Amino acid sequence: MNTPQHIDDQSAIRRMVQHAGLESPSQGFAARVMQRITAKEIVVSKRIVWMQYALLSSVACVVLLMLVFPAWSVIEIDPAMAGSSAAQMAGSFFSNAAHSINAYTSQIHLNPQVAYFFPLSIAVLVVALFDQVISRKMQAAQ
Amino acid sequence: MQHHQDDLTQVQRVLAGNSAAFAILVNRHSDMAYTIAHRIVRNREDAEEIAQDGFIKAYQSLRSFKGDAKFSTWLYRIIYNTAISHTRKKQIPYEEIDERIIGGHTEDEILEDLDAVDAELRAELVGKAIGRLAPDDAALITLFYQDDHSIEDISHITGLSQSNVKVKLFRLRQRLHQQVQSEMDAALGTKIVTL
């Protein structure tokens, strides 16, 4: 390339370009950016809370359905149970679960009546844990 | 260098949960971010929208910023890419420069002429000349000559190889020289010498 020497002069062209100066956005630009960031964060938090509620409701529904229709239970598939009362089915579900847990804990000779409450206790703990997480997220969103 | 270190401190504060620290980064880099966007899209509203979107994208992906490059380089890459994809969607027209037209003035003469006019007109003339370059070329000139970014930084921002950046800058110096002269001639009522 046959270029005149003066065009290769970096400082001259730098000086020329710097005459244009930097442009500024309109007033309150930073505030608007931060406002959009905050708005997005709240939307995201709300979405998380809703997703957690949906998950909790789904888990609760599945647990309820497994209590009412033990034939659907993944623990004990028993189509003969379909005609029995809800209380019987619930009792059967818990006793089946208790038997399973008792089988695992028999080595420490745990009382079967205490073992019966294990699935219920775990369910209560899971619900309490979800409740804690959800309420903390709600506080953070506010 | 001092800004670079402070940028990293602010980034760490944001990542630690202090989202208000991001406002410091927005205030510090908003002019350059907006200038890059405006030189590429040539429209104030679009440029502001792109700069805002760029900052929000940067905030959302701040965890992916490793700190091996300067925060400004990382941010301007986001702004540059957002603005370039905007021009591709909108097909923003720009004037192709006829490389056969060579001005009859030296750069020193142009600078003397520029110095003679008032600051506002001077900024307008050079701004117009930069505005006549292709959008990505205008951003390249701005990054190298106005914000003193290194070839390596510009390569990172634009995604071009370092040798490509050097060649482009060399050609752009000539083009910008012609454009400033052309703008000066138009402003001062003289004619371009065509060879």
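## Aromatic pairs and the A–B interface

B:F71 and B:W74 both belong to helix α4 of chain B (residues 71-90), where they sit 3 residues apart, about one turn of the helix. Helices here are DSSP runs of H or I with at least four residues, and strands are runs of E with at least two, numbered from the N terminus.

This is a predicted model, in which local features need pLDDT of at least 70 and side-chain atom pairs count only at pLDDT 80 or more, while totals for chains, interfaces and linings use all residues. Residues are numbered from 1 along each chain as its sequence is written, chains are lettered from A and ligands numbered from 1 in the order in which they are written, and side-chain values use heavy atoms, without hydrogens and water.

### Rings

A pair of aromatic rings is described by the distance of the centres and the angle of the planes. Rings of Phe, Tyr and Trp (its six-membered ring) pair if their centres lie within 6.5 Å; planes under 30 degrees apart count as stacked, over 60 as edge-to-face and the rest as tilted. Over all chains, the structure holds 8 aromatic pairs. Two of them are tabulated, both involving B:F71.

| Pair | Centre distance | Plane angle | Class |
|---|---|---|---|
| B:F65 and B:F71 | 5.8 Å | 85° | edge-to-face |
| B:F71 and B:W74 | 5.9 Å | 40° | tilted |

A cluster of ring pairs links A:F29 with B:F22, B:F55 and B:Y59. A:R14 lies over the face of B:F144, 5.4 Å from the ring centre; the rule asks for NZ of Lys or CZ of Arg within 6 Å of the ring centre and within 35 degrees of the ring normal.

### Interface

Chain A puts 31 residues in contact with 47 residues of chain B, contact being heavy atoms within 4.5 Å. The area buried between the two chains is about 3,800 Å², with 62% given by carbon and sulfur atoms; buried area is the accessible area (1.4 Å probe) lost on putting two parts together, summed over both. In chain A, A:M16, A:H19 and A:E23 lose the most area to chain B, together 18% of what that side buries.

Between chain A and chain B there are 5 salt bridges, each a side-chain nitrogen of Lys or Arg within 4 Å of a carboxyl oxygen of Asp or Glu. A:R36 and B:E49 meet in a salt bridge at 3.9 Å, N to O.
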